[in-house]
Amino acid sequence: MSTLQFPLPERTTTSTGNVVVDGPLADLPAGRALVPARAYTGTDEFALEQERIFSSGWVWAGYAHWVAEPGAVHPVTIGGKPLLLVHGEDGQIRVFHNSCRHRGMALTEKPLVVQGRIQCAYHCWSFKLDGTLAAAPYYTRERRSKLDPEVAKRLSLLLVASHTWAGMIFVDLSATETDPQASADSFTAHLSPLLERWSHIDFSRLHLAGERTFEVDANWKLVVENFLDFYHLPFVHPQVGPVTASLDVDDVALQPDVIGGSYPRGAAGKAEKTAKSLPWLGDVPEDRLERQDIFCLFPNALVFLEADWFQVIGYHPEAPDRTVEHMAIFVDSSAAGDDFAETRDQLCEVLWHVNEQDMPMLHHLQIGRNSPGSDSTNLVSHWDQITALFQKRVAEKAGY
Ligand code: FES
Ligand SMILES: [Fe+2]
């Protein structure tokens, strides 16, 4: 199969003039799935993906609002590895391996707000919010053991490369450089085509309108594939608008880790979500006011941007057939007050409902993966090039 160059060549082949990218499907023999069905059901494959996909490169770890205040500590598991998201006294969000430097006990399995120190339950070593060891009682068997500063530094919590952007915290477990500036540079380089595309949006103004958790009984890859599937909209979500609006979508492949689609007139063509309009999320140019951008930030952040709201589904794979989605909806901070409370609620209800409608589809997709027929599925080039790009990325990274 040919090596793909990004951005991919585009064709406008639809009668509506929409863009279809030249993805991997042209080269694929009919009836051959890019990712084998066993990758959606097998425990070995799940473990392999946790290592090769979720422990390598930038991965969504959680939301900044989970650690909103100094002293907030929030445990997450990424690539099977327990981590702590920590809001420091200096305002920085850091991510550490959740393993005490003495005997490796997990420091907490629940979110906490601490007063300056995170304490281990076993021998009461305590760590400052920047990770350095603050105290280790009776370390030298003396009542007043004083910690050598060198020892305190050597026994700091292990830092993980992380970066916070657009209300989300990302980690790269494979990075050897964990310094914040190096992480910021690496993250910015990783997402540069998207950062450029969205440079008119002021993400520092995001206000959380709502958050909801969905327990999905399907493999994580189906969650992504369903999000990138624009074809099912008129059938599963008919309320979002007329078929003509659902068909008016362009494929967008910015780089291998940023793929999705864009409805150039989506907000105009679809049904109104709220009775009162929300303020824009920045200085949105006239020609982008109606645009809806829908991208997978590989592997586990699914983002949806309109001029006046931003939706994220970040998720953690828990088992081959289980994924936990954390869906959050953000609006501009000028819509944070009571005067917009009803509008925020209306928006959230509409968006929760769309996601709920996908739950039975995901369940059925997962059940189908137990069939030998799922090794010879047939993605169609008119609709599924973006899904094929996602599967190709999975196959490359996991080695299928
Ligand atoms: S394991 Fe944490 S203090 Fe001993
Ligand atoms: Fe859907």
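His65 sits in the loop that connects β3 to β4 (72–78). Keep in mind that this is a predicted model.

- Setting aside neighbours within four places in sequence, His65 has Gly167 and Leu208 as its contacts.
- His87 is 22 residues away from His65 along the chain, and their C-alpha atoms are 10.0 Å apart.

**Strand β3 and its partner**
- β3 runs antiparallel to β12 (residues 168–172), and five bridges join the two.
- One of the residues involved is Tyr63, whose bridge partner in β12 is Met168.

**The nonpolar core**
- The largest nonpolar core counts 100 residues, and Ala61, Leu83, Leu85, Val171 and Cys296 have the most contacts inside it.
- At least three of its residues come from each of domain 1 (10–53 + 198–398) and domain 2 (58–173).
- For a closer look, take Leu83: leaving out neighbours within four places in sequence, its contacts are Ala61, Val76, Ile78, Val95, Phe96, His97, Asn98, Val160 and Val171.

**The seven-stranded sheet**
- Seven antiparallel strands make up an open sheet, ordered β13-β19-β18-β17-β16-β15-β14.
- At the edges are β13 (206–216) and β14 (250–255), each of which pairs on one side only.
- From one strand to the next, the twist averages 15 degrees.
- Inside this sheet, β16 (residues 292–297) and β17 (residues 301–305) are antiparallel and joined by five bridges.
- Cys296, already met among the core residues with the most contacts, has Leu302 in β17 as its bridge partner.

**Helices on the sheet**
- Helix α4 (residues 220–227) lies across β13, β16, β17, β18 (310–319) and β19 (322–332), and runs at about 155 degrees to β18.
- Helix α8 (residues 341–368) also packs on the sheet, where it touches β13, β18 and β19.
- The direction of α8 makes about 20 degrees with that of β13.

Definitions and conventions: Residues are numbered from 1 along each chain as its sequence is written. Chains are lettered from A and ligands numbered from 1 in the order in which they are written. This is a predicted model: local features need pLDDT of at least 70, side-chain atom pairs count only at pLDDT 80 or more; totals for chains, interfaces and linings use all residues. A nonpolar core is a set of buried Ala, Val, Leu, Ile, Met, Phe, Trp, Tyr and Cys residues joined through C-beta atoms within 7 Å. A residue is buried if 20 or more other C-beta atoms lie within 10 Å of its own, exposed if 12 or fewer, and partly exposed in between; C-beta atoms are placed from the backbone. Domain bounds come from an automatic or database domain assignment. Two residues are in contact if their C-beta atoms, placed from the backbone, lie within 7 Å. Two strands pair if DSSP finds at least two bridges between them. Helices (H or I, at least four residues) and strands (E, at least two) are DSSP runs, numbered from the N terminus. Axes are lines fitted to C-alpha atoms, for helices over the stretch in contact, and angles run from 0 to 180 degrees between N-to-C directions.
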